[in-house]
Amino acid sequence: ERWRKPDKLYEKLLRGKPRRLGQNAPLSRMLKIKLKNARFLPAKTAESSFFLAFPLVFSRKNIVTRVLRVTFSGKDTLVKKNSYICYNKIYKVMKKTSILFTILMMQTLVVCCDDDKGFYSGIEHLGKKKVEIETLKMDSIVFDASMTSFSGQWLMSPVGHRIYFADRYAVGIHSYNLNGEYDTTYITQGRGPNEMLLPSWSSSFDQNGCFLSLDNNSSVNIFNADFSKKLFYEPASWFTAVDTNFLQADWGNLYRNPDPKVPQMYEFNNYVGQIVYRYGILYLPVLTEHVAYNPYEVHSKSKEFWRDSYLFAIYEPENISATFKLVGHYPSVYAKKNIPVFGRYSFLVKGNEIMVSFNADPKIYVMSLSGEPLYSFGVADDLISGVYPETVTFEDFEEHGTAYRNKHGYYDKLFSDGEFVFRTCMLDNGKRKLQIYKDCDLIGDILVDSGFELFGRGCDGFYYSYKRADYINEHFILVKFKLFENAGGEGGTTD
């Protein structure tokens, strides 16, 4: 069940020193003595009842919490039964243990402690920790980078036989075989059938191998599978193309009255930096940085931003005005503290589901393709505290953002080959880890190199990941690995 706090008592919770309360004590006495230490939980019964959980014993090693079920029964309300649950770990004991802020993680019971009353409230959290993979044998591969700007996006062809590097500062898609040997460069600069005016900022293959590129001006280019012919081109930015009748007066009104439901509020979210193109639908991460509605300035409706702003623009590029919609919201962890430094997220489309992982939340949230929340899974890492410094101005965000991300651990990139879901994590100690999930269960937990970024599975059964750039020798260093020695068969990208 989800932990819940009544709004009127929010400021009083978890304050004061706990005292022991005898069995069958009246609720009136309990309210006076215990309420400041209590958390409310809903009870799955037909009775008018709820649970109260509060700390009884403080310790730097463990905390014993007493859970009582309270049932309304006439004038006097009694504690009908109680039990003890011992949690082996707390995250922090503060102010001589008289004030305790703790996240209680239980692996044997599915208990969510994030006070989630928002968009994802009520969904089921699935999966368990069943780690069987703790090491991976990785082989390095050297790729020629002399023709690149060293900044770009790595992609695997849908059938898993070639690796591509889409340059972000020079027009061109560089092609390599699985051994790292350079083959050719597709797409040159220009207005021809196999050309683009601007470099590709983010790109994706669809299920048939067609290549979609979002350029530096947010214009959409779609090419056929061998890059020889441009199938579609929209020169206007998507937020302009969505409604050509959105006039200057409308922009002025939006400036004065920000509305998160209006598509023109948003732009491509460069902090996410990835897109997905499947079955003719483009999934685009978006962000609003409206001067009066943004996550950076606490006086600019930052609370409303975390609660109401959208994550994705979803539409058919060939018919944007008729198919455009905004979907997805941030989880409630962002409503508790203004932490835009850790507001980034990663996502993928797997089958009929959208999976999203946020920097500050150990859960991976799953939505339908139309944006309805379905369930969540994901295991918190012991070396990610989840305690992040707040920023209250854009200048604060700009000045301290890099330092904060280097100091505090967070959950990072998602990837799936259709069978497994992979997530990289940055730990509080500066190391990087790879989590591997199968059917929502955590089956792999492996330390990896600091630059590790998984992007595809080849037709040879190996997974391929970027590792680092060798600027002196003009090389990219990639690594490949198998989860199981006898793995092989089909490769490619997520679906």
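How many bridges join strand S6 to S30, and do they run parallel or antiparallel? Two bridges join strand S6 (residues 129-133) to S30, and the strands run parallel.

## Basis of the report

This is a predicted model, in which local features need pLDDT of at least 70 and side-chain atom pairs count only at pLDDT 80 or more, while totals for chains, interfaces and linings use all residues. Residues are numbered from 1 along each chain as its sequence is written, and side-chain values use heavy atoms, with hydrogens and water left out.

Helices (H or I, at least four residues) and strands (E, at least two) are DSSP runs numbered from the N terminus; two strands pair if DSSP finds at least two bridges between them. Strand S30 covers residues 441-448, and seven of its eight residues are buried (under 20% relative accessible area with a 1.4 Å probe, protein chains only; exposed is over 50%, and partly exposed is in between).

Strand S29 (residues 432-438) pairs with S30 in the antiparallel sense over seven bridges, and Gln435 is found opposite Asp445 of S30. The hairpin of S29 and S30 has two residues between the strands, and Asp439 there takes a positive phi near 55°.

## An open four-stranded sheet

Four strands, in the order S14-S15-S16-S17, form an open sheet with antiparallel pairing. S14 and strand S17 (230-234) are the edge strands, each pairing on one side only. Five bridges join S14 to strand S15 (residues 211-215); Ser202 has Leu214 as its bridge partner in S15.

The loop between strand S13 (195-196) and strand S14 (200-205) holds Leu198. Leu198 counts as partly exposed because its relative accessibility is 33%.

## Aromatic pairs

Rings of Phe, Tyr and Trp (its six-membered ring) pair if their centres lie within 6.5 Å; planes under 30 degrees apart count as stacked, over 60 as edge-to-face and the rest as tilted. By this rule there are 52 aromatic pairs. The rings of Phe305 and Tyr330 have centres 5.6 Å apart and planes at 40°, so this pair is tilted. Phe305 lies in helix H4 (residues 302-308) and Tyr330 in the loop between strand S22 (325-327) and helix H6 (333-336), so the pair ties together parts 25 residues apart in sequence.

Trp306 and Tyr330 have ring centres 4.9 Å apart and planes at 85°, so their pair is edge-to-face. Both Trp306 and Tyr330 are buried, and Phe305 is buried as well. One aromatic cluster includes Phe305, Trp306 and Tyr330, with Phe119 and Tyr365 also among its members.
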